[in-house]
Amino acid sequence: MGRRSKPLALARIFTLAASVAAPGLVHAADLDLLPPPPPPPPPPPPVEVGGGWYLRGDVGVGLLDLRKTIAVDVSTPPIPYKYGAIQDQVGDQAFVGVGVGYQFNPWLRFDVTGEYRSKTDWRFVAEDLSYDTRGGFNLTTGKFSSVVGLANGYVDLGNWYGFTPFVGAGVGFAHHMFGSVTDQGQGIYGGGFGYGKSKDKTNFAWAAHAGLSYAVTPNLKLELAYRYLNMGDAETGVVSCLPACDQKTVYRAKELESHDIKLGMRWMFGAPVVAAYEPPPPPMMPLVRKY
């Protein structure tokens, strides 16, 4: 083989190699032009699907009112007592309470609460009309405090940036402790004086709630709420004049109701139960056919 034939042979070898590699290069270029697969979507925020036990504490003030006071004669024998009410009122109460409850799901929870309500003043002024005379008045005053126990249910109305409005209702009891009752005669009864013994009375009570809670942490929620609370009746002991007389009277404060403003706290036992997140399957690679 001559010197000129060797370069020709090398040229043929390079040409053959290039023809074999060309389809592969085209195929790689096609792959480079394909768009990359889309990134997987971010996981959704945890969704609360369960609840658990919690403790709660509340403080507040109740704007107290009553339907009316009834004076009942309990003398032996009975002495008819006719009167015209002039003033009939009660003061307000501060209260503090605790409770335990359970959150069944994101919108339904129940709890049992107990609270002590501070002493408040009761004042009743009436004109005595029993003897067809005018100008004789009785000023009767006293103090009572209360213990209230309720079983409550609430519906939470969604969550917006940690805030959750709610409504609810409760039933239970109210125990009133009435004492420091005195009866002072005024007008033509001036100088008269009476005293009543202490008396406790327990009644059916019911409540309606509406408020707003805020999740400070997954375990701690704060509440601002309004509550209508009906506490039934409170009753004095027997009031009789001193040093002694035949007339004996019991006073009943009927339909005690309170418009309460409350600040509360709920502490959950453990973090909320959340739904497990399962990432979507990876996208399939596009099928590239080689022709």
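Here is our talk about the ring pairs and the charges beside them.

Modeller: Happy to! Keep in mind that this is a predicted model. It holds 13 aromatic pairs.

Biologist: Why is the pair of Tyr-83 and Phe-124 called edge-to-face?

Modeller: The ring centres are 6.0 Å apart, and a pair needs centres within 6.5 Å.

Biologist: How do you know whether Phe-124 is buried or exposed?

Modeller: Its relative accessible area is 1%. Buried means under 20%, so Phe-124 is buried. Tyr-83, at 25%, is partly exposed.

Biologist: And what makes Tyr-102 and Phe-104 a pair?

Modeller: Their ring centres are 4.8 Å apart, and with planes at 70° this pair is edge-to-face too. Tyr-102 is partly exposed at 26% relative accessibility, and Phe-104 is partly exposed at 46%.

Biologist: Which residues form one aromatic cluster?

Modeller: Tyr-81, Tyr-83, Trp-122, Phe-124, Phe-144, Phe-178 and Tyr-251.

Biologist: Why is Arg-109 said to lie over the face of Phe-166?

Modeller: Arg-109 is 4.9 Å from the ring centre, and the distance limit is 6 Å, with a direction within 35 degrees of the ring normal also required. Arg-227 likewise lies over the face of Phe-95, at 5.3 Å from the ring centre.

Definitions and conventions. Residues numbered from 1 in each chain as written. Predicted model: local features only at pLDDT ≥ 70, side-chain atom pairs only at ≥ 80, totals over all residues. Heavy atoms only, no water. Phe/Tyr/Trp six-rings, centres within 6.5 Å; stacked < 30°, edge-to-face > 60°. Buried < 20%, exposed > 50% of the residue type's maximum accessible area, 1.4 Å probe, protein only.
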